[in-house]
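Here are my notes on the model, as numbered points. Please read them with the structure open.

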Amino acid sequence: MLSPGLSVSLLAVSCALWPAAVRAASCEPVRIPLCRSMPWNMTKMPNHLHHSTQDNAVLAIEQFEGLLGTGCSADLLFFLCAMYAPICTIDFQHDPIKPCKAVCERAKVGCEPVMKRYNHSWPDSLSCNELPLYDRGVCISPEAIVKAEEPYYQDPVRCNPESSRDFPMDSNFHCRGPNAGRCKCPTLKLTLKVYQKNNYNYVIRARVREVRNRGLEPIAVVEVKKVLKSSLVNIPREAQILYYSSSCMCPHLNPNVDYLIMGYENEETSRLLLVERSIALKWRDRLGTKIERWEQTVKAAL
């Protein structure tokens, strides 16, 4: 177990000293620009927010650039990076280490008042409740790290609503800049091979009521008409909320359209998730028949 006083810097260096084959099979270098200043340089996907690649984690964490620019909490960037690019060590390859509960609470206390001034709230996906306590579990916090000379966040004024009458952020806390509008949703063709490989937790037929992107947790509200597959969460045939994993909102959904939707479930929060590997296709009866046939094939092979 990690001691609260153990230096994370030393743990991160130990990853870099592994044989190349071991590193390739477990840790990967941190490539998220906001997190390169962290005192660890190796991470592992999927992260605590269910992003399977760093490319997708980048798009999600960039939602917070404007909030970081306010300087609302010295712990915010550390906490976000511990969630989106969790440290990977030789002793914890299978379960990435979480940030300590106190780090989350300090970030929330400092930044939620700023968010509320612009009609935002602290995201449920970053809830502090389930994180381990500093002195009772395996977690990381700045107190357990050899301090670097440079601050974690190097450019606090490039998107600072406190210093600009115009509040240079959009309604979703995105800094408007050269990276704006670069979201591209992957195109996934629905084949049996893709279906088996992605191992979706749920498959539903649903009519989209509305899509909301007014905060740090974009969602789609849908009316479930048929459940073709459900693994971890009970899905009644009624209104449900699907939670996107990034502000790119992939796959795209349009209101008042029936879709065949495939995604993943968070058993702890009973949430239905839409991530980069999710698929949403306009509903056709033949699609439903195809999925039912594939499910029979998959079950027969078990």
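How close do the axes of α5 and α6 come, and at what angle do they cross? Point 2 answers this, after a word on the basis.

1. Basis. This is a predicted model, in which local features need pLDDT of at least 70 and side-chain atom pairs count only at pLDDT 80 or more, while totals for chains, interfaces and linings use all residues. Residues are numbered from 1 along each chain as its sequence is written, and side-chain values use heavy atoms, without hydrogens or water. Helices (H or I, at least four residues) and strands (E, at least two) are DSSP runs, numbered from the N terminus.

2. α5 against α6. The axes come within 9 Å and cross at roughly 130°. Axes here are lines fitted to C-alpha atoms, for helices over the stretch in contact; angles run from 0 to 180 degrees between N-to-C directions. The angle makes α5 oblique to α6. The classes are: under 35 degrees roughly parallel, over 145 roughly antiparallel, 65 to 115 roughly perpendicular, the rest oblique. α5 passes α6 in a left-handed crossing (the near helix is turned anticlockwise from the far one by less than a right angle; clockwise would be right-handed).

3. Residues at that contact. L76, F78 and F79 of α5 meet V103, C104, A107 and C111 of α6, contact being heavy atoms within 4.5 Å. The contact residues divide into seven nonpolar, no polar and no charged. Nonpolar covers Ala, Val, Leu, Ile, Met, Phe, Trp, Tyr, Cys and Pro; charged covers Asp, Glu, Lys and Arg; the others, Gly among them, are polar.

4. A disulfide at C111. C72 is joined to C111, S to S 1.9 Å. C72 lies in the loop between α4 (65-69) and α5, and C111 in α6 (residues 101-117), so the bond ties together parts that are 39 residues apart in sequence. The torsion about the S-S bond of C72 and C111 is about 85°, so this disulfide is right-handed. The count comes to five disulfides, each a pair of cysteine sulfur atoms within 2.5 Å.

5. α3 against α5. α3 (residues 54-61) and α5 (residues 76-84) pack at about 150°, axes 11 Å apart. They are therefore roughly antiparallel. The crossing is right-handed. A57, A60 and I61 in α3 meet L80, C81 and Y84 in α5. Here the division is six nonpolar, no polar and no charged.

6. Strands. β5 (residues 202-212) runs antiparallel to β6 (residues 219-230), with ten bridges. Pairing requires at least two DSSP bridges. V208 has V222 in β6 as its bridge partner. β5 also runs antiparallel to β8 (residues 258-266), through six bridges. There, R207 is partnered by D258.
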